Amino acid sequence: QVQLVESGGGLVQPGGSLRLSCVASGVISSLNVMGWYRQAPGKQRELVATINSAASSNFADSVKGRFTISRDNAKNTVYLQMNSLKSEDTAVYYCNLKQTFGLMAPQDYWGQGTQVTVSS
């Protein structure tokens with residue numbers, strides 16, 4: 001089993017910055033993709049950014065140029081640096097880990113979520 005624990009959410013003014021962290025514990029494959037998704041009230045959960053074991057990243061168009069994603073494989077930790085935050089970035093942010101072990105079915109894990117509120 002895998003557990004994901006997020007931290008770093010909070011209240012920030014428009015134009016401000018926040019850094020989210022997510023630590024994975026348990027049995028972690030060397031082949032995995034870690035990422036962040038978000039869900040605003042009344043909306044579906046959407047991808048924010050992902051990064052794979054080789055540090056190749058992918059971003060939603062809405063956050064390109066403002067958010068960066070990074071990881072520390074030794075610590076099984078993924079970070080989301082959010083700059084130039086806008087009110088529309090307000091959501092619960094969820095950490096996600098997808099991994100495979102050989103020919104086994106892919107595994108998909110979620111954190112409990114951390115609230116990010118952008119408001120003056």
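A salt bridge, for these notes, is a side-chain nitrogen of Lys or Arg within 4 Å of a carboxyl oxygen of Asp or Glu. I am working on a predicted model, where local features need pLDDT of at least 70 and side-chain atom pairs count only at pLDDT 80 or more, while totals for chains, interfaces and linings use all residues. Residues are numbered from 1 along each chain as its sequence is written, and side-chain values use heavy atoms, with hydrogens and water left out.

**Entry 1: salt bridges**

I went for the charged pairs to begin with. Side chains of opposite charge can pair when their charged atoms come close. My count by the rule above is five salt bridges.

I looked up D108 and K98, whose side chains form a salt bridge at 3.7 Å, N to O. This one links distant parts of the chain, with D108 in strand β10 (residues 107-110) and K98 in strand β9, ten residues apart. My cut-offs here are under 20% relative accessible area for buried, over 50% for exposed and partly exposed in between, with a 1.4 Å probe and protein chains only.

**Entry 2: R38 and its partners**

Next I checked R38, which is buried with a relative accessible area of 6%. Its side chain meets D89 in a salt bridge, 2.9 Å from N to O. R38 sits in strand β4 (residues 32-39) and D89 in the loop between β8 (77-82) and β9 (91-99), so the pair ties together parts 51 residues apart in sequence. D89 is buried, as is R38.

R38 also forms a salt bridge with E46, and there the closest N and O atoms are 2.7 Å apart. E46 counts as partly exposed, with 37% relative accessibility. I then followed the shared partners: salt bridges join R38, E46, R66 and D89 into one network.

**Entry 3: strand β4**

How many of the eight residues of β4 are buried? I get six, so β4 is largely enclosed by the rest of the structure.

For pairing I ask that DSSP finds at least two bridges between two strands. β4 pairs with β9 in the antiparallel sense over eight bridges, and V33 stands opposite K98 in β9. β4 also runs antiparallel to strand β5 (residues 46-52), joined by six bridges. There, G35 has T50 in β5 as its bridge partner. The hairpin of β4 and β5 has six residues between the strands, and in it G42 takes a positive phi near 75 degrees.

**Entry 4: strand β11**

In a regular strand the side chains alternate between the two faces of the sheet.

Which way does strand β2 (residues 10-12) pair with β11, parallel or antiparallel? I find parallel, over three bridges, with G10 opposite V116 in β11. β9 pairs with β11 in the antiparallel sense, over three bridges, and Y93 has T114 in β11 as its bridge partner.

**Entry 5: A74**

Last, a loop residue. A74 is in the loop between β7 (67-72) and β8, and it is exposed, with a relative accessible area of 75%.

Note on methods:
Helices (H or I, at least four residues) and strands (E, at least two) are DSSP runs, numbered from the N terminus.
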